[in-house]
Amino acid sequence: MSRSTNKDLILDLKSVNVKFKVEDGTLHILRDVSLSIPRGSFLCVVGESGCGKSVTAQAIVQLLPDNGEISSGDILFSQGDQVVELNKLEKFGKQMRDIRGAKIGMIFQDTLSSLNPAHKVGRQVAESLLQHFPISKDEARTRVVELFRKLGIPDPERRYEAYPHEFSGGMRQRVMIAIATICEPDLVIADEPTTALDVTIQAQIMTLLKDLQKSAGKTFILITHNMALVSEVADHVAVMYLGRVVEYGTVEQVLRDPRHPYTKALMASVPNLDADKNVDLQTVDGQTPSPAEVTVGCEFAGRCPYVIAACTEKTIQMTQVSPGHDVRCIRLDSNGKLPVLIGGASNE
Amino acid sequence: MAFTISALIFFASRLSPIDPINAMVPPDMASDSANLEQLREELGLNDHIILQYLTWLKNIATGEFGYSLQSGQKISEILALRMPATLELVLSALVLSTILALTLGLFAGAKKGGIADKLSRILGVVGIAIPDFFIGLVLLNLFAFRVEWLPTGNRVAPGQVTFWDRFPNLILPVATLTIAMLAVLIRYTRNSVLDTLNRDFVKTARSKGVPEWRVLYSHVFRNSLGPVMVLLAFRLPLLVGGSILVETVFQWPGIGTTIIAAVTASDYPVIMVVSMIIAMVILVASFLVDIIKSILDPRVRLGGGN
Ligand SMILES: Nc1ncnc2c1ncn2[C@@H]1O[C@H](COP(=O)(O)OP(=O)(O)OP(=O)(O)O)[C@@H](O)[C@H]1O
Ligand code: SF4
Ligand SMILES: [Mg+2]
């Protein structure tokens, strides 16, 4: 199972393709998604609705919907000195299960329905702990109560016994974070954990996550629409568009110096990152193409002001514009710059 | 609710064009009108209909079920004799079909296209498309007449004292009723399981690394039960109705055969009491279902949490 890879990468996605079987054929939802995530980093994944952020998260832990499968690619996860190919593991086999919850914690989108309505919340958190550690129920309980307290759930001993419907959205969110982090996993993937919540609670929860990452040296992948949040918490950013990563780099590189036309358009639509606490990723002009359409060449071509004939001739490869900064666009010059648009409204 | 039902039963029975008095007197006596009148008076058939209803209601409530017009026997005695047989049949079928449906439905839902799913599909078609009594006849033909493994019916033969003595007689009628119940119940359980499997908390459970059997048992199954319990309540009348047919096919000396005989003879006191009992059983059952549901789902628990 071992492979020679960069030991500093906790997770390395290599050309991951995901396909969904649907009534009238197959949808190619993730196309050659590659992401190299350094240990201890905080990666934000952004992109408009339907671009495949959640599918990427689900593919990593092999919890895709039943009709979806990883058709090719590698997902390498490093555990100590070992590198495990997650996609080669049996979906519900012991090896994969030993990683889920214990090594990779997961907070799914739509967290309001992510708790079992029939079980007490405390038990739902303890379940993960009891699954992975040989401890007694009482010990598990003590640790869950402790974590509840840390996460700002008031009266944690009593709340341990409560059912999800007795919790507010923000509190349920904290319970989800507790489930994802109780086993102190090396990697936590949070899929828009705060969209359903109001701004102050969003901020509190993000602070919680950021603290966890800093204090425990954990790696975080955060999927979000909130660009202000990205600039605040992330150190790496991946921009996705229609199943592909189109730009990847550090926050400085991607947010302050975007190179891909799509990222540029995104950033242009966010007035001032630091001023507003809650800037949602704005829509970029034009329709999002459907994943069902078979496109040749660049997926963004239909909306791109820089488009030329060559863009739609063949698949566009990632190119490095500076160390650690990759962009998927053929119109970048040798300095990694887009040409200046003549006449049109430039995004500069 | 119970009042509405009782009123319905009472007045419906009076809509019948058959004068109950005629059903009980031999033809040669029917000409003797004076005698008939006296009999009517004795039976209270000449009182005002509302009064008759109230008297009947009072009698029922106090366990005074009256007499069978046909045999002159006390209805309470008939019930005491027949009720255990029906309960034995219906409860066995209920328990068996519920257990089978829940297990098969769970496996069928958990593994779409697997063996359990296919089996449940076959049972579903058989149970829905073929009427209960026909299933009964087929089973009778196969197991009682062709291979003679099992008795044809009749609850008790001389010398059969314990439950286990009677057990072979129970198999065919219970199997018939169970198959009839099972059909819809399995499909329903399966679909409920499939629905639950798609809910977000199942993904959460899986993300904890919990083994699949635990995910199914502890998270999916319990949340799938609620709708199944409701269906069960709705199906109870059918089970009762089915037992009437099945009792007839297997000559089972229960309430079902009693009511058939009563209907044939227009023995209306018996019909009314039995209908009332069946209605009460169904009411009680739906109440039980509410209780079970509140145990399964904390959100409907009375004064749940705080
Ligand atoms: N089970 C499925 N079957 C078919 N298509 C699916 C399935 N799940 C997701 N998809 C499709 O995959 C694409 C990517 O979905 P995904 O949920 O990853 O989007 P997203 O980037 O997370 O969007 P959002 O920001 O709205 O959460 C969408 O076009 C979606 O319709
Ligand atoms: S490859 Fe062409 S169409 Fe795609 S982003 Fe670059 S310029 Fe636009
Ligand atoms: Mg999503």
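User: In this predicted model, why is A:Q109 called partly exposed?

Analyst: The relative accessible area of A:Q109 is 27%, and because buried means under 20% and exposed means over 50%, with partly exposed in between, A:Q109 is classed as partly exposed.

User: What makes A:S54 count as buried?

Analyst: A:S54 has a relative accessibility of 18%, and since the class of buried residues takes values under 20%, A:S54 counts as buried.

User: Which atoms coordinate the magnesium ion (ligand 3), and why can the pair be said to tie together parts of chain A?

Analyst: The magnesium ion (ligand 3) is coordinated by OG of A:S54 and OE1 of A:Q109, at 1.9 to 2.1 Å. A:S54 belongs to helix α1 (residues 53-60) of chain A, whereas A:Q109 sits in the loop between β6 (104-107) and α3 (121-132), so the pair links parts that are 55 residues apart in sequence.

User: Why is α10(B) described as roughly antiparallel to α11(B)?

Analyst: The axes of α10 (residues 200-207) and α11 (residues 212-249) of chain B come within 10 Å and cross at roughly 155 degrees. Because angles over 145 degrees count as roughly antiparallel, α10(B) is described as roughly antiparallel to α11(B). The contact involves B:F201, B:V202, B:A205 and B:R206 of α10(B), together with B:E212, B:V215, B:H219, B:V220 and B:N223 of α11(B); by class, these are 5 nonpolar, 2 polar and 2 charged residues.

User: How do you know that A:T263 is buried?

Analyst: A:T263, in helix α10 (residues 261-269) of chain A, has a relative accessibility of 1%, and because buried means under 20%, A:T263 counts as buried. Leaving aside neighbours within four places in sequence, A:T263 is in contact with A:V239, A:E247, A:V254 and A:P258.

Conventions
Residues numbered from 1 in each chain as written. Chains lettered and ligands numbered in written order. Predicted model: local features only at pLDDT ≥ 70, side-chain atom pairs only at ≥ 80, totals over all residues. Heavy atoms only, no water. Axes fitted to C-alpha atoms, helices over the stretch in contact; angles between N-to-C directions. Helix = DSSP H or I, 4+ residues; strand = E, 2+ residues; numbered from the N terminus. Parallel < 35°, antiparallel > 145°, perpendicular 65-115°, else oblique. Contact = heavy atoms within 4.5 Å. Nonpolar A, V, L, I, M, F, W, Y, C, P; charged D, E, K, R; others polar. Donors = N, O, S within 2.8 Å, 3.2 Å for Na, K, Ca; no water. Buried < 20%, exposed > 50% of the residue type's maximum accessible area, 1.4 Å probe, protein only.
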